[in-house]
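Thank you for making the time this morning. I would like to walk you through one model, going from the overall fold to the strands and then to the pockets.

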Amino acid sequence: NYTLSADADVDVRIRNIAGIVVSTPVVGQAAAAGVNSLMWSGQSSRGTAVPSGRYLCEIAARSALTGEAVNVVCPVDIRR
């Protein structure tokens with residue numbers, strides 16, 4: 001879950017601990033102000049299950065009205 005203070009276009013990237021993007025589940029999706037939810041399947045962009053370990057979820061939000069942008073990174077642990 002993430003909260004936006006205003007409507008924004010959102011990109012979400014999942015990176016491995018080395019910083020390499022393994023999945024991009026959301027690209028340029030319009031999201032409304034307030035609480036939004038995202039479910040990542042645990043799969044890479046190639047459609048294969050990523051190995052167990054720590055990943056970084058990067059959420060980038062941009063206001064179409066003001067151009068203001070904010071990035072947030074949070075850890076995600078995958079255990080299989």
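What follows is a short tour of this model, with the definitions given as they come up.

Please keep in mind that this is a predicted model, in which local features need pLDDT of at least 70 and side-chain atom pairs count only at pLDDT 80 or more, while totals for chains, interfaces and linings use all residues. Residues are numbered from 1 along each chain as its sequence is written, and side-chain values use heavy atoms, with hydrogens and water left out.

Let me begin with the overall picture. The protein has zero helices and six strands, where helices (H or I, at least four residues) and strands (E, at least two) are DSSP runs, numbered from the N terminus. Along the sequence this reads as β-β-β-β-β-β. The C-alpha atoms fill a box of roughly 40 × 20 × 20 Å, taken along the principal axes. Of the 80 residues, 30% count as buried, and by buried I mean under 20% relative accessible area, with exposed being over 50% and partly exposed in between, for a 1.4 Å probe and protein chains only. Among contacts between residues at least 6 apart in sequence, 48% join residues at least 24 apart, a contact being heavy atoms within 4.5 Å.

Four strands form an open sheet in the order 3-2-5-6, with antiparallel pairing, and two strands are said to pair if DSSP finds at least two bridges between them. At the edges are strand 3 (21–31) and strand 6 (69–78), each of which pairs on one side only. From one strand to the next, the twist averages 15 degrees; for such angles, axes are lines fitted to C-alpha atoms, for helices over the stretch in contact, and the angles run from 0 to 180 degrees between N-to-C directions.

Within that sheet, strand 2 (residues 8–16) runs antiparallel to strand 5 and is joined to it by eight bridges, with Asp9 having Arg62 as its bridge partner in strand 5. Strand 5 (residues 53–62) in turn pairs with strand 6 in the antiparallel sense over ten bridges. These two strands form a hairpin with six residues between them, and Gly67 in the turn has a positive phi of about 80 degrees. Across this pairing, Arg54 has Asp77 as its bridge partner, Glu58 stands opposite Val73, and Cys57 is partnered by Cys74.

Cys74 deserves a moment of its own. Leaving aside neighbours within four places in sequence, Cys74 is in contact with Tyr55, Leu56 and Cys57. Ala60, by comparison, is 14 residues from Cys74 in sequence and 12 Å away in space, C-alpha to C-alpha.

Rolling a probe the size of a water molecule over the atoms shows where empty space is left. On a 1 Å grid over the protein atoms alone, a pocket is an open set of points where a 1.4 Å probe fits, with protein on both sides within 12 Å along at least five of seven lines, and lining residues have an atom within 4 Å of a point.

The largest pocket holds about 330 Å³ of space, where points are joined across faces, edges and corners and a volume is the space filled by probe spheres set on them. It is lined by 17 residues, of which Thr3, Leu4, Ser5, Ala61 and Val70 lie nearest its centre. Strand 1 (2–4), strand 5 and strand 6 are the elements that give two or more residues to this lining, and strand 5 has the largest share, with four. The lining divides into ten nonpolar, four polar and three charged residues, counting Ala, Val, Leu, Ile, Met, Phe, Trp, Tyr, Cys and Pro as nonpolar, Asp, Glu, Lys and Arg as charged, and the others, Gly among them, as polar.

The second largest pocket holds about 190 Å³, and its lining includes Trp40, Cys57 and Cys74. Strand 6 supplies the largest share of that lining, three residues.
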